Amino acid sequence: MNRFLELLKTGPISGFRLRTKLLLLAMTTLALPWAGCQYAREMETVLRQSEQQSLLAVTTTIAGSLRGRNELLFRADSLPGSEGSNPRDITPVVLSGVPLIDGRSDEWDTSARNLVRVAGAGGDSLRLLAATHERWLYLALLVRDDRWIFDASELNALNPETLGDRVWLAFDDKRGGQQRLFFGSTGPGAVHARRIETQEYGREEAVEEPRIQSVWQRSRDGWVLEIGIPMSMVGQHLGVLIDDRDRRGARRSSYGTLETSDLRATGRLIAASPDLNDHLRQFSQPGVELMVAAPSGAVLTRLDAPALPGDYTRMRGFLPRMYRVFLDGGAIPRSVSQSDRERAGQELIERAARGAPATALFTGRYENSVIVAAAAPIFTADGKRVVGVIQLAQTADRWLTLRDQALTRLLNLTLFVTLFAVGAAFWFAGRMTLRISRLGAASETALSREGSLSRVLPESEARDELGDLSRSFSSLLGRLDEYTGYLRTLAGKLAHEIRTPLTIVRSSLENLESEAQASGGMGENARIYVARAREGSERLGAILTAMGAATRVEEAIAHSERQRFDLAALVRATVEAYGTAFPQRRFNSEVPAGAIEMNGAPELIVQMLDKLVDNAVDFSADGATITIALQANEDEAEISVANPGPPLPAEADKRLFESLWQSRAEGDVPGERQRPHFGLGLYIVRLIAEFHGGSARAVNLPDDSGALFSVRLARWRGVFGMSDTMRSNRDGSHIQPTQ
Amino acid sequence: MKKTIAIVEDERAIRDNYAAAFSREGYAVRGYPNRREAMSAFAARLPDLAVIDISLEDEPEGGFELCRELRGLSAELPIIFLTARDSELDAVSGLRLGADDFLTKDLSLAHLIARVNALFRRVDALRRPTEEKQVIHRGALSLDGERMSVTWNGQVVLLSLTEFWIVYALTKHPGHVKNRQQLMDAANVVLDDNTITSHIKRIRRKFQVVDPGFDAVHTVYGMGYRWVE
C-alpha cells in the first residue's frame, strides 16, 4: 500500500497535469462496458447451459422412448455389437440427398469413418464405402488395379476363358437365402448385376437383376464401381469380393469381405430400421436436427431440422461488429473445419456411447453460427448395454440473437454513459484546472515586484475547497500585505523619525559653533571633533534625503503635465548641454533631422536623459564616447544611450531598473562619486518611461564592450494618472536591500 | 524693541536650539509645544513671525490647522513652515494656506536665520513707501527687491520667499540661463533637482493666475531656466 502511494507520488502519473489525471480517472468508466460484456457472457453461459439442459432432456426422453426397442432402431436382426465388432461390418452413412450413380469417387468421402479397407494381392486394394438415402443402400468400391480386364463378351458371361475382372456382391435376403450377384463389364459405363441361375438341364445362365443400378468407371489408379440397391432386398449380412485377373481367363486373385470359398457374406449391414425415421419424426421440432448413431459412431439415420421460423440474421453495422470482437473471443470453441466439426460430433457420440448423456457446443457450418448438441445413449431393455446413441443438435442462433440484442443495447447505453462521464470529467477537469491555474496565476502576480499586493483573488466566492484555498490565500496575502506595507512605509517613517534627532544634533552643533565663536573660538581638537560631527550628520542627512527621493520623484512625475513638444529638438539641445557638463566625455548624437513631435512631459524626458547620461558617465572612463540615439516611428520613439565600459552583471537585466538596486562594486567604477548612491537613477528612468507609456531596458553591447540603455516612449498615449508602481510607492520609500 | 518669533515645535530639543539661535541674533523667542498653547498665546498677543512644525504632538497635521487660524488673525504675519516632512504635497498645502515659506529641517540654522531676516526685511519694506530704485522692471514684471513683492501687469503675484528668490535670480540677467544649482544658491536652499522643477512649475502657475498667457520662464533642456521678456 505504501509502495503504491509512493508510486502515485513519484510514478509516471505524478508528472501528468491535473486535467490528464482526471481524464484518466474518467477513462475508468470504460470498465463499465467491459463489466457489461462479462455480465452478458455470464448471461449467455446460463442461457446456453439451460438450452443444453433442455436439449439434453429432450434427447434423454427420445432415448428413453427407444429403450429396448431394437426392432425400431435397427433393421431386423442386425443387432449391433451382439457378435462383437467385425471389420467386415458395413455401416452406411446417411445421406441427405440422392447420390448420383456415375462411377465417380469424388462425391464419396474417402476419409469417412465407415470406410472398409481390404488388403488384396496389391495390398490395400479395396476401399468400400456405403451410404443410405431413404430406402436405398449405395455402395462404392474404390479399387486400385493396374490393369482393368474386361469380359470378352456380354453374352458369354460364364465362359471362364473370356472372363475379365469381376465383382461379387453377396447378401442374405429377407427369407434367409443367400443372394450372389456379380458384375462383369466389357467396358466402362453402366453395368448390370447378374445372378447365376441354373436353368433346365443344369445349364447355368447369368440373369440380370434389374433392381440394382450400377456404374463402373475407370479411376486414376484403377476403377470405381458404384452400386445402388433397394434396402428391401438386403438382409442382415452383405459383402463384396473382387476377382482380379491380369488377363482374360487368367487365374483370379480374390479379395473382399466375402468368404472366398463359398462367397458367403459374414460382414453385417448395420443400418437403421425403416420405421426409425417415422418414430423420430414425432419428436422433430423446428431448428433441431435428430441423429441416431450406432455405438461405433456410425450414423444410422439423420432427420434434418425443419427450417426455423424466421431467419436468424446477425445484426449489422459498425458498433455490433465491434461488440462481437469483444464478445466472441473464447466463449465458443472454434472448430471451423468440417473434419474438426465432425470430430467434435464424434467425440460427443462416443461420450454418450459410454453410457452417459453429454452435451457439446460447436461451431456450425456457417461463420459464427453455433450449434448446441446433446447426446444420450439408448439402452437395451435390461439397461445393460448401449445399442445406440441419439443426438440432437440445434443452432444456438436464437439466444445469440438475444444476446446480441441485449448486449448492443447494454453497450450502447454504457458507451453513451461513458462518453457522458468522460465529457463531464473533461469539463470538470478543465474547469477545475482553469480555476486552479487562475488562482495560481493570481497568487503568483498578487505580490508584484515592487511589493504591492492585490488582495482580490478569484474564486474567493466559491464555496468548495478551492474557495477555501482562495480565502486562505487571501488572508495570507492580507497578512503579507500588512507586512510589506509596514516594510514599505518603514523607510519613510524611519527617515522621518531619524530626521528629528538629526535636526537636534545639527542645530546643537551649529549652536555650539556659534557659541564658541562668540566666546573666542574652540580649541584645535574641539574644532576637529565638531567638524567630524557635522560631516557625519550631513552624511546622515544625505542618506535620509536619498531614502525619500523615490517618493518625491514619484510625486513629481505624478504631478507632471503633458504638452506637445519636439523630442528631436529636446534631445539635440540636451546632448549639446552634456558636452559642457561633462568635458571629459565625448558625446555623439544620432538624432534624425526634423521634428519628432510627441505628447509628454519634456522636463521628465530631460531628467530621464540626465539619469541615463549620469549612469553612462559613471561607468565609462575619461575620454570615452557616449552615444545618444533617437529613433521614432508613428507611435513610438526610442532613446538609447550607449557607453563603453564594463558589461552589465548577468542578473542585473531585470532588477537594474528597480529602486535601490545598484550593482556597482567598490572600485568598479572610475571616479566613483563620494555620495550615498541608492541606485535611484535607473528607477527614475523606468518611472518616466512608464509615465510615457513605454518601458526601459538595458543590454550589453554586442561585443561586450559596454552597455546600452534604451527607453521606448509612446508618442501619443501615455499613462494618465499614476502608474501602479508610483501608486504603490506613495506612502514611503523602498526598503529593498541594496545588493 | 526686539522682534518676537514664535516657535511651535513639539520636539523640545529642537525648539530650544532654534530659540537659542534666534536669541543670539537678537530676537525674542517664545516656544510652544502644541497648537492649543500656541493659539491661546497668539490670541493674547501676536508674534512678529511664526515658525511652525506640521505635526504637533497628537495632531499630525496640527501645523496646517494652526497656520490657517493664524492667517485668520493676521494677514501679514510672516509664517514659515519648518518640518521634517519634505513631500511635495505638504509643501503645496502649506504654501496654499498662506505660509511665506516652506522649509525642511535639513536647512542649516544659518540659512534659517537668513530666511527669517529676509522675511522681516520684507515686512519692514512693505511698511515703508516704495523706493523706486529697488524695483526692477522687466516688461510687464516689476520686482521689488526690498519688499520682496512681485507684480505682473500691475497685479500682485503672491510668491513664497523661495519662489521670490528664484524669480529674482532669473530676472536679474534676463536671457541668461540659470542652472538649478545657481537657483538653489540664490534661494538659500539645499534642494534636489526635482524641488527646483516644482518650484519653477509653481512660479509659472502663480503668474498664470494673473495672466493665462504668461510664458516668460523658459526651460533650457539640460541646462536650466531663463527669463525671456
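How many bridges join strand β18 of chain A to strand β20 of chain A, and in which direction do the two strands run? Five bridges join them, and the strands run parallel. β18(A) covers residues 586-590, and β20(A) covers residues 625-632.

This is a predicted model, where local features need pLDDT of at least 70, side-chain atom pairs count only at pLDDT 80 or more, and totals for chains, interfaces and linings use all residues. Residues are numbered from 1 along each chain as its sequence is written, chains are lettered from A and ligands numbered from 1 in the order in which they are written, and side-chain values use heavy atoms, with hydrogens and water left out.

**Strands in chain A**

Some terms come first. Helices (H or I, at least four residues) and strands (E, at least two) are DSSP runs, numbered from the N terminus. Two strands pair if DSSP finds at least two bridges between them. Strands of a sheet pair through backbone hydrogen bonds, either parallel or antiparallel.

Back to β20(A). The bridge partner of A:E590 in this strand is A:A629. β20(A) also pairs with β21(A), residues 636-644. Six bridges join these two, and they run antiparallel. Here A:I628 stands opposite A:V641.

Another strand of chain A, β2(A), spans residues 116-120 and holds A:R117. A:R117 touches A:D124, A:L126 and A:R127, leaving aside residues up to four places away in sequence. Contact here means heavy atoms within 4.5 Å. A:P87 is 30 residues from A:R117 along the chain, and their C-alpha atoms are separated by 8.6 Å.

**The sheets of chain B**

One open sheet has five strands in the order β2-β1-β3-β4-β5 (chain B), with parallel pairing. β2(B) and β5(B) stand at the edges with a single partner strand each, so one side of each has no neighbour in the sheet. Neighbouring strands are turned by 20 degrees against each other on average, direction ignored. Within this sheet, B:T4 stands opposite B:A28 in β2(B). Helix α4(B), residues 88-96, packs on the sheet and touches β4(B) and β5(B). Its direction makes about 145 degrees with that of β5(B). For such angles, axes are lines fitted to C-alpha atoms, for helices over the stretch in contact, and the angles run from 0 to 180 degrees between N-to-C directions.

A second open sheet has three strands, in the order β10-β12-β11 (chain B), with antiparallel pairing. β10(B) and β11(B) are its edges, each with a single partner strand, so one side of each is left without a neighbour in the sheet. B:T219 stands opposite B:Y225 in β12(B). Helix α6(B), residues 161-172, lies across β10, β11 and β12 of chain B. The helix runs at about 70 degrees to β12(B).

| Strand pair | Bridges | Direction |
|---|---|---|
| β1(B) and β2(B) | five | parallel |
| β11(B) and β12(B) | four | antiparallel |
| β6(B) and β7(B) | four | antiparallel |

**Where the chains meet**

The contact takes 29 residues from chain A and 31 residues from chain B. The area buried between them is about 2700 Å², and carbon and sulfur atoms give 49% of it. Buried area is the accessible area (1.4 Å probe) that two parts lose on being put together, summed over both.

The rule finds two salt bridges across the interface. A salt bridge is a side-chain nitrogen of Lys or Arg within 4 Å of a carboxyl oxygen of Asp or Glu. One of them joins B:R204 and A:E603, with the closest N and O atoms 3.6 Å apart.

Which elements give two or more residues to the side of chain A that touches chain B? They are α9 (465-518), α10 (524-558), α11 (567-581) and α12 (602-618) of chain A. The largest share, twelve residues, comes from α9(A).
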